[in-house]
Amino acid sequence: MRVGFIGLGSQGGPMARAIVDAGFETTLWARRPASLEPYADTAAKVAGTPAELGAGSDLVCLCVVGDSDVEEVLYGDTGVLAGMAAGGIVAVHSTVHPDTCRRIAETAAAKSISVIDAPVSGGAPAVKEKRLLVMAGGDADVVERCRPVFETYGSHVHLGDLGSGQLTKLLNNLLFAANLSNAKAALDLGEALGVDVGSLGEVLTRGSANSSALGSVTALGGSLDVIRDVAGGLLRKDVRLIVDIAEKSGESPGAVLDAADAALSLLGHPRRLDDAVNSGLAT
């Protein structure tokens, strides 16, 4: 399978490298030439446009930031879909609205191109250890065709129809945000009661209270500063997406949203405009 990859950031970069190192014929495209420099010593090819990348790929993986970024590299005369041949597959690793994937699939179907949503969890360190988790939605046969590529950086779970992968990732991030708030509150309370934060974190991460969020906060000495700078805006985006989906379906997120909102406020990226105004923060 010939693989094209777009989105060579902190998450996508290691994924692309794993694909190249596994021996797949790989083509890359990036807006900034600097993003391609780490691959100069590899067998990876470089395309001049997303359309050129699409023409040389059986599977195109997208790991760009948001919905508009995904659509920008796919559509138009120089977009991936303009160059890709019938029978090709687009895997959306980005975390976006499920409806975005469904709209793309409708457009791609006119050219007999398949689309799956395949957001990931685990971060760049998980890629190196081949334990990244791919949450896949779409036709089971199409997902299976992608399995050898996904296995270069982790494993995948097929969750159902197109869009189910995105819903699962958004729920994952909603719960992660909620756990951040709870972890921070517990560590702060322990410190106020005279327990050393480092020791408390070591114990909690080895006990029944452990979570990925707790591990992150503990590793950072009880501070949320790094998480705020690296992931605050993205978490707000994802929480807003899942809340919008839930509300339009007539469902209430419940207590998990209260905790997630508390975390977003602590991170300086409140979900609601009124919260941002009251706290003096821009949205």
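Biologist: In which helix is the place of A126?

Modeller: A126 lies in helix 6, which is made of residues 123-128. The model is a predicted one.

Biologist: Why is A126 called buried?

Modeller: A residue is buried when its relative accessible area is under 20%. The value for A126 is 0%, so A126 counts as buried.

Biologist: What does A126 touch, not counting residues up to four places away in sequence?

Modeller: A126 touches R131, L132 and Y153. A47 is elsewhere: A126 and A47 are 79 residues apart in sequence, and their C-alpha atoms are 27 Å apart in space.

Biologist: Where is K130 found?

Modeller: K130 sits in the loop that joins helix 6 to strand 8, residues 132-137. Its phi is positive, near 55 degrees, and K130 is not a glycine.

Biologist: What makes K130 exposed?

Modeller: The cut-off for exposed is over 50%. K130 has a relative accessible area of 54%, so K130 is exposed.

Biologist: Now the helix pairs. What is needed to describe two packed helices?

Modeller: The description uses the angle between the two axes and the distance between them.

Biologist: What makes helix 3 roughly parallel to helix 5?

Modeller: The axes of helix 3, residues 67-74, and helix 5, residues 98-109, come within 10 Å and cross at roughly 15 degrees. Angles under 35 degrees count as roughly parallel, so helix 3 is roughly parallel to helix 5. Their crossing is right-handed.

Biologist: Which residues of helix 3 and helix 5 meet?

Modeller: D67, V70, E71 and L74 of helix 3 meet T100, R103 and I104 of helix 5. By class, three residues of this contact are nonpolar, one is polar and three are charged.

Biologist: Why are helix 8 and helix 12 called roughly perpendicular?

Modeller: Helix 8 and helix 12 pack at an angle of about 70 degrees, and their axes are 7 Å apart. The range for roughly perpendicular is 65 to 115 degrees, so helix 8 and helix 12 are roughly perpendicular to each other. Their crossing is left-handed. On the helix 8 side the contact includes L174, L175 and K184, and on the helix 12 side it includes V256, L257 and L266. The classes in this contact are twelve nonpolar, two polar and one charged.

Biologist: What makes helix 8 oblique to helix 9?

Modeller: The axes of helix 8 and helix 9, residues 197-204, come within 9 Å and cross at roughly 135 degrees. Roughly perpendicular ends at 115 and roughly antiparallel is over 145, so helix 8 is oblique to helix 9. The crossing is right-handed. A186, L187, G190 and E191 of helix 8 meet V197, L200, G201 and L204 of helix 9. These divide into five nonpolar, two polar and one charged.

Biologist: Which residues of helix 12 are buried?

Modeller: L257, A259, A260, D261, A263 and L264 are the buried residues of helix 12. Among the elements covering them are helix 8, residues 164-192, and helix 11, residues 225-248.

Biologist: What is the phi of G268, which follows helix 12?

Modeller: The phi of G268 is positive, near 80 degrees.

Note on methods: Residues are numbered from 1 along each chain as its sequence is written. This is a predicted model: local features need pLDDT of at least 70, side-chain atom pairs count only at pLDDT 80 or more; totals for chains, interfaces and linings use all residues. Side-chain values use heavy atoms; hydrogens and water are left out. Axes are lines fitted to C-alpha atoms, for helices over the stretch in contact, and angles run from 0 to 180 degrees between N-to-C directions. Helices (H or I, at least four residues) and strands (E, at least two) are DSSP runs, numbered from the N terminus. A crossing is left-handed if the near helix is turned anticlockwise from the far one by less than a right angle, and right-handed if clockwise. Contact means heavy atoms within 4.5 Å. Ala, Val, Leu, Ile, Met, Phe, Trp, Tyr, Cys and Pro count as nonpolar, Asp, Glu, Lys and Arg as charged, and the others, Gly among them, as polar. Buried means under 20% relative accessible area, exposed over 50%, partly exposed in between (1.4 Å probe, protein chains only).
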